[in-house]
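Keep the structure open while reading.

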Amino acid sequence: MNIIVVGIGKVGYTVAEQLTSEMHDVTVIDTDRSVVEETIGELDAQGICGNGASGKVLQEAGIEDCDLLIALTGSDETNLLCCLLARKLGANGTIARVRTPSYNEDIRLIKDSLGLSMAVNPEKEAADEIFRILRFPSAKNIDSFAKGKVDLVSFVINKKCTLCGCTIKDAFAKIKAKALICAVERGKNVFIPNGDTVILENDTVAVLAAPDEIAHFFREVDLPISEVESVMLIGGGRLAHYLALELARHKIKTTIIEKERDVAENLSFLLPNANVICGDGTNRSLLIEEGLTDVDAVCSLTGIDEENILLSLYAKSMTPETKTITKVNKIGFQEVIRSLDLGSVIYPKYITASLILQHVRARKNNIGNNVETLYKIIDNKVEALEFVVADNSVLIDQTLEELKLNDNVIIGCIARNGRIFIPHGKDSLKGGDKVIVVTTITGLTDLDDIKG
């Protein structure tokens with residue numbers, strides 16, 4: 001596909017990087033010449049220095065032959081104007097990043113009025129993911145499929161976990177919860193396990209199950225399941241705003257610490273049920289005074305990665321059982337971050353990139369077997385995809401044990417007529433099924449491609 005990306009910040013670069021890795025023709029546009037030159041020097045992409053909201057610049061980028069324009073500048077208004085002009089000049093599809101909370105309330109109207117193919121909000125998506133994690137403090141990450149009917153939960157194996165030291169088939173012979181281990185990270189290696197795989201201490205394991213089965217599963221493997229009742233948010237940006245709204249809806253006690261007085265006052269007005277403190281979140285005395293050691297979870301959400309990492313480490317040192325969630329924007333030191341006890345780590349730009357890739361893959365293959373949902377899990381090393389099975393799929397009417405699938409691919413779950421089930425060898429796929437595939441192979445766009 002011919003794709004134009006406007007705005008090459010952290011999110012824009014990540015999206016361009018992912019798209020070029022999947023062999024799309026990408027043109028990047030940014031007002032900073034050095035950013036454009038650096039990007040085209042590192043990626044297989046073309047670049048133009050200029051204002052993406054200019055018709056002349058868009059035409060220079062080849063907008064009339066563009067399959068998709070993605071506007072990811074730091075300004076919502078600029079992104080929307082880029083998309084409006086792009087549609088008028090011939091682009092087949094447009095995606096805009098829209099982050100402002102007041103705009104988010106009218107996002108459907110904005111999308112319909114401007115003919116947007118998609119509107120993405122990194123902070124809102126990150127807030128939703130954090131809230132899902134807070135439901136199960138033992139989880140590192142939780143992603144949702146089939147309109148919330150299936151969850152993919154990753155967690156770290158400790159000595160107390162009954163899975164530790166057992167083969168999967170032996171462990172699940174004693175487990176009544178309907179769940180499936182579909183990916184394992186061990187050190188630097190990630191793989192799709194089989195029944196003979198032995199789960200070891202410190203492995204990161206991803207499990208598929210219906211939401212009401214997750215608590216049952218955690219209980220059976222001796223992992224904590226109590227939901228949080230109180231949360232401290234350090235940093236009062238957009239992400240904190242969206243998250244606090246969700247916490248308030250579920251009556252979870254929330255304390256927000258924000259350094260900028262005008263931001264703190266605005267949050268206090270918008271979030272009457274939250275305890276908003278104007279102060280420096282790196283001040284240890286302030287954190288203790290406001291209840292750091294008493295809350296069930298601490299979310300470090302400032303705009304500085306180093307602060308967030310130190311704050312989470314400090315929270316863990318004060319109260320080891322506290323659930324910590326750390327927002328990280330830069331990804332250059334993932335191996336170091338993984339070695340630290342930070343609890344759950346959230347990368348908003350990866351979340352955004354996954355949503356955009358999901359849309360791109362669905363557009364690329366627009367006749368059946370579409371990618372409905374896409375998540376990159378376990379530090380971006382594994383893809384979990386939700387497909388709709390086309391009536392003419394080559395996978396239909398063969399049992400799973402008869403199908404010869406590619407290595408490192410597993411069909412983890414099937415949704416059929418409102419029923420969710422973990423498939424076995426004697427099960428088969430039918431047209432209209434929703435299927436969740438977990439794989440270490442990147443770039444899948446068609447369900448039939450999993451067949452060997």
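1. For the classes used below, Ala, Val, Leu, Ile, Met, Phe, Trp, Tyr, Cys and Pro count as nonpolar, Asp, Glu, Lys and Arg as charged, and the others, Gly among them, as polar. The model is a predicted one.

2. The second largest pocket has a volume of about 660 Å³. Its lining is made up of 33 residues, and those nearest the centre are Leu301, Thr302, Gly303, Lys327 and Asn329. Helix H1 (10–21), helix H7 (122–135), helix H10 (238–249), strand S13 (253–258) and helix H15 (348–364) are the elements that give two or more residues to this lining.

3. How does the lining of the second largest pocket divide by class? There are 12 charged, 12 polar and 9 nonpolar residues.

4. Turning to the rings, the structure has 7 aromatic pairs. In one of them, Phe136 with Phe218, the planes stand at 85 degrees and the centres are 5.8 Å apart; planes over 60 degrees apart count as edge-to-face, so this pair is edge-to-face.

5. Phe136 sits in the loop between H7 and strand S7 (141–145), while Phe218 belongs to helix H9 (residues 211–220), so the pair ties together parts that are 82 residues apart in sequence.

Technical notes: Residues are numbered from 1 along each chain as its sequence is written. This is a predicted model: local features need pLDDT of at least 70, side-chain atom pairs count only at pLDDT 80 or more; totals for chains, interfaces and linings use all residues. Side-chain values use heavy atoms; hydrogens and water are left out. On a 1 Å grid over the protein atoms alone, a cavity is a set of points where a 1.4 Å probe fits but cannot get out, and a pocket is an open set with protein on both sides within 12 Å along at least five of seven lines; lining residues have an atom within 4 Å of a point. Grid points are joined across faces, edges and corners, and a volume is the space filled by probe spheres set on the points. Helices (H or I, at least four residues) and strands (E, at least two) are DSSP runs, numbered from the N terminus. Rings of Phe, Tyr and Trp (its six-membered ring) pair if their centres lie within 6.5 Å; planes under 30 degrees apart count as stacked, over 60 as edge-to-face and the rest as tilted.
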